[in-house]
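Please open the structure in your viewer and keep the selection tool at hand. The tour goes from stop to stop, saying at each one what to select and what can be found there.

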Amino acid sequence: MNKIKAVKFHTVFIAALLLSPLAGLHAAEVSNLRCEYLSAPLGIDVVKPRLSWVMESPLRGEKQTAYRVLVASSAELLKKDRGDVWDSGKVVSDQSIQVEYAGKTLESRMRFYWKVRIWDKDGKASDWSRPTLWTMGLLQPADWKGMWIGLDEPLREMPATTNKAIQAANEIASRRLPARWLRKEFIVGRQVKRATAYVSGLGLSELYVNGHKVGDDVLSPGLTDYHKRVFYVARDVTKLVRPDRNAIGVILGNGRYHAPRNKTPARTQDYGSPKLCLQLEVEYTDGTRDEIVSDPTWKLTTAGPIEANNEYDGEEYDARREMPGWANAGFSDSGWMPAKCVSAPGGKLVAQIINAIRVTGTLQPIAITEPKPGVFIYDMGQNMVGWCRLHVRGPAGTIVTLRHAETLQPDGTLYISNLRGAKATDAYTLKGQGRETYEPRFTYHGFRFVEVTGFPGKPTLASLEGCIVNDDLATTGEFSCSQPTINRNYRNMVWGVRGNYRSIITDCPQRDERQGWLGDRSAESKGEAYLFDIAALYAKWLQDMADSQKENGSISDVCPEYWSLYNDSVTWPSSAVIIPGMLLDQYADIGVVARQYPSMVKWIDHMSGYISNGIISKDSYGDWCVPPEDFKLIHSKDPARKTAKPILATCYFYDCLKLMRRYATLLSKAEDAARFDALADQLKVALSTKFYSPEKGFYSNGSQTACVLPLAFEMVPAAEHKRVFDHLVEKITSETKGHIGTGLIGGQWINRVLTADGRADLVYGFATNTTYPSWGYMAEHGATTVWELWNGDTADPSMNSGNHVMLIGDFIIWLYENLGGIQCDSGAIGFKKIVIKPTPVADLKWVKAQYDSPYGRIVSSWKLDDSNLMLNVTVPANTTATVFMPTQNAARLTESGKPVEKAEGVKFLRMQSGAAVYSVVSGTYRFQSKFSELTR
Ligand code: BGC
């Protein structure tokens, strides 16, 4: 071997060794470093941010015994293992999530590089993780030198008129202001070390530096009640700033800041005209710095190509009015006006600490039709949320109009009645220069079908693509099973959930509503955690709820409070108490519980004033959207289907009190805990005294929901439990013939209540039904998401969205926690201790479920063939699990082909309800049992 060959051989040999499964076997790795749930966030304003990481190891029984976090002020120092900002030292602890930073006091603009090393079960240290970073935003109001600038004057003169049509047209015009384009040039004379822009452009904005759009997010910043709180976003623009002349540009859209609407069910808050506050901070290598801030020296025009924009109505873009080079130095802005100083929005400027909204995918249309000459209908094949990217060639001045809708009329044209006042129409005027591509910026639509008119020539499938727009959240779960209807329902639900993330949690994406209705996503939110990493987003939504709270404690049904609805109903605002529990269970987020606690107590105390003799009756919406008896109805008129208000309110308030007791105990507030507990007891007793009929064996009118809630919250006296449950079963089997009979409220618990007492088969029926009412019925009738109404194909269009999340109820929770059987142990939080308890049911042959928990991936997949049940389980490092393996005879179980008692890390605990129960350490397992011994 000559020398080169020898070196090569040596390298290959070492590489092969490193890559071999044996090499990795003993070294645990640290991955997925995050700060406040985000990876490498810029400009946060949390002074004790929480850090987390994941220990990766395929070894059985691996766990973290200690950690060391290094936080350094420079990448170089970190490389030398110097944590000048924080060196936690070796901390003997298995904590790997929600580790609170405890170093030097954090101040505005600081930049940190950090990494982690951990010690495994044998005390062996891992390598350092890959380094990552976070930066601090502007923590003090005094840090802000930027002024709020914009243009407040109404741009279109509206002549007074009594003509209704003109009034309507004027109203539409007034809510579709043209975009504001702002620019400023500046000179950089020295070498730049770092340039950071802090930008708050309301309602929506895009930032440009020297002609380049900064960042790939859209619809930025996130939504808030601007009177209370306004987000800024920090952006690293170091690479875009040049030592010479530079230009910075911002386009402002209306978003929800300027979204006046009178005709929707409630009047929408209008905050005024769009405005900007910006601060570009340039640090030089010589230690000096400059600030370029928004002020009246900026120039502004409304004569750019975006002639009109509104989130609900759409965007009008005239490409002939483009201003090439507007965000570059040297552009002649002599025709632009000086920007005006305008009033501040009122809320405090705070950092946006949620994932950005992005175009997270594209869809190609699957068909085009031409139901009328020149009217082309594109079918995207999926009810999606976002907008279209249009490709077109034609003469200047040609206007191509895109209208969006979820469904079609029988004649093949768009069905738009269910959009109510939302125009959902984008219009593009060509500049006539070869192939032109257009996609809107300051609007979004919920649609499957797109009507294209005015297209020069005949459009093809390639003329249009769908841009999918939503909060860019990591996917956390995967689920599939042998039953195709369940898989289809699941797929539709994932699309629906995803499309309703818009920096708030919306009810729907298509009509003139798109609001953060609290009730729709309370207990249901737990299911979403299995689909997407929702921690930061839901924590932010809780902040919106606290922001909406009145002095007296009342919380709006819609948050942010764009619709001011203070009804003091229990069910909707109770999300402010229920959702912290979800964040606690799924993410071990005690911090958010502590942060929200004062607001929760205030709401509980306020609402307690409505309790009379242990019963609270405040309820506005009932068990919203129970399946109606008549296909044309929105709401059922049948008293037997409805659930009495005191049942809904008292049960929900009881659940809230129990949660409050849990939070108070966690936060060491024993007195509060006792107070909530005592009140809860009063409600429990009163519910049964007042509404339980010992003769009939059910509460109130015995509706499905009137059974589900007392059972779900354990309010039924033990001796009566079976009777109430049996009544529920009877209602389902004889009255609704195996179909679901609950609305939004009962639906968030029914699947789990039935499964807990051994009737998963009924849930399986709901899950696989294709007759009304069911998710399968929706799918059979063309749904590719989930409808607002069980009878969404026939009901009145005034309240009939094709993409609502609320009727999912606890179905996704059921898929993961029951069918797949992945649960957080009730004695733990954040999946530190896991339960794997699959539910083989009816003719189901296999299930594959996996969930990326805060500690890493959990897998539970099972398969049944003629003779065996196989259960594959992965328990992530640094956690343990209890596995329920369905069998009658534990002695004949095997794990990875060996008798189970010989399996490493597996300990038999007991037999329980047809399953052998084992405690297992982390690792991957293959359990197998004989089918003949299995009970279903
Ligand atoms: C919304 C629902 C909401 C309900 C409450 C509807 O218009 O779309 O999601 O919960 O109103 O009234």
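**Confidence**

Begin by colouring the chain by pLDDT, since this is a predicted model. The protein averages a pLDDT of 94, and 95% of the residues score at least 70. Now select residues 1–24, where pLDDT stays under 50 and where the model has four contacts beyond four places in sequence. Where pLDDT is low, the predicted coordinates should not be read in detail.

**A three-stranded sheet and Arg-50**

Select strands S1, S2 and S6, which form an open sheet in the order S1-S2-S6 with antiparallel pairing. The edge strands are S1 (29–35) and S6 (99–100), each of which pairs on one side only. Between S1 and S2 there are five bridges in the antiparallel sense, and Cys-35 has Leu-51 in S2 as its bridge partner.

Next, pick Arg-50, which belongs to strand S2 (residues 50–56). Is Arg-50 buried or exposed? Its relative accessibility is 16%, and because buried means under 20%, Arg-50 counts as buried. The side chain of Arg-50 makes a polar contact of 3.3 Å with the side chain of Gln-98, and another, of 2.5 Å, with the side chain of Asp-589. If you show what surrounds Arg-50, leaving aside neighbours within four places in sequence, you will find contacts that include Tyr-37, Val-99 and Gly-591.

Stay in this region and select Tyr-37, which is found in the loop between S1 and S2. The phi of Tyr-37 is near 75 degrees, a positive value in a residue other than glycine, and at 13% relative accessibility Tyr-37 counts as buried.

**An enclosed strand**

Move on to strand S7 (residues 111–119), in which eight of the nine residues are buried, so that S7 is largely enclosed by the rest of the structure. Strand S3 (residues 66–72) pairs with S7 in the antiparallel sense over seven bridges, and Val-69 has Val-116 in S7 as its bridge partner. Strand S8 (residues 132–135) also pairs with S7 in the antiparallel sense, over four bridges, and here Tyr-113 stands opposite Leu-133 in S8.

**Glu-185**

Select Glu-185, which lies in strand S10 (residues 180–187). Which side chains make polar contacts with the side chain of Glu-185? One is that of Arg-183, at 2.9 Å, and another is that of Arg-245, at 3.1 Å. Beyond its neighbours within four places in sequence, Glu-185 is in contact with residues including Asn-246, Asn-328 and Phe-331. For a sense of scale, select Lys-526 as well: Glu-185 and Lys-526 are 341 residues apart in sequence and 49 Å apart in space, C-alpha to C-alpha.

**Aromatic rings**

Show the aromatic side chains, among which the count comes to 46 aromatic pairs. In one of these pairs, the rings of Tyr-226 and Tyr-271 have their centres 4.9 Å apart and their planes at 90 degrees, so the pair is edge-to-face. Tyr-226 lies in the loop between S13 and S14 and Tyr-271 in the loop between S15 and S16, so the pair ties together parts that are 45 residues apart in sequence. Both Tyr-226 and Tyr-271 are buried.

For a group of rings, select Phe-479, Tyr-490, Tyr-530, Tyr-816, Phe-831 and Tyr-851, which form one aromatic cluster. Then look at Arg-514, whose charged end sits over the ring of Tyr-444, 4.8 Å from its centre.

**Backbone details**

Most residues other than glycine have a negative phi, and most peptide bonds are trans. Zoom in on the peptide bond from Leu-202 to Gly-203, which is cis, with omega near -15 degrees. The peptide bond from Ser-220 to Pro-221 is cis as well, with omega near 0 degrees.

Finish at Asn-613, in the loop between helix H9 (590–608) and helix H10 (645–666). Asn-613 has a positive phi of about 50 degrees although it is not a glycine, and Asn-613 is exposed, with a relative accessible area of 73%.

Definitions and conventions: Residues are numbered from 1 along each chain as its sequence is written. This is a predicted model: local features need pLDDT of at least 70, side-chain atom pairs count only at pLDDT 80 or more; totals for chains, interfaces and linings use all residues. Side-chain values use heavy atoms; hydrogens and water are left out. Helices (H or I, at least four residues) and strands (E, at least two) are DSSP runs, numbered from the N terminus. Contact means heavy atoms within 4.5 Å. A polar contact is a pair of N or O atoms within 3.5 Å; within protein, one must be able to donate a hydrogen and the other to accept it, and residues adjacent in sequence count only if both atoms are side-chain atoms. Buried means under 20% relative accessible area, exposed over 50%, partly exposed in between (1.4 Å probe, protein chains only). Rings of Phe, Tyr and Trp (its six-membered ring) pair if their centres lie within 6.5 Å; planes under 30 degrees apart count as stacked, over 60 as edge-to-face and the rest as tilted. A charge sits over a ring if NZ of Lys or CZ of Arg is within 6 Å of the ring centre and within 35 degrees of the ring normal. pLDDT is the predictor's confidence in each residue, from 0 to 100. Two strands pair if DSSP finds at least two bridges between them.
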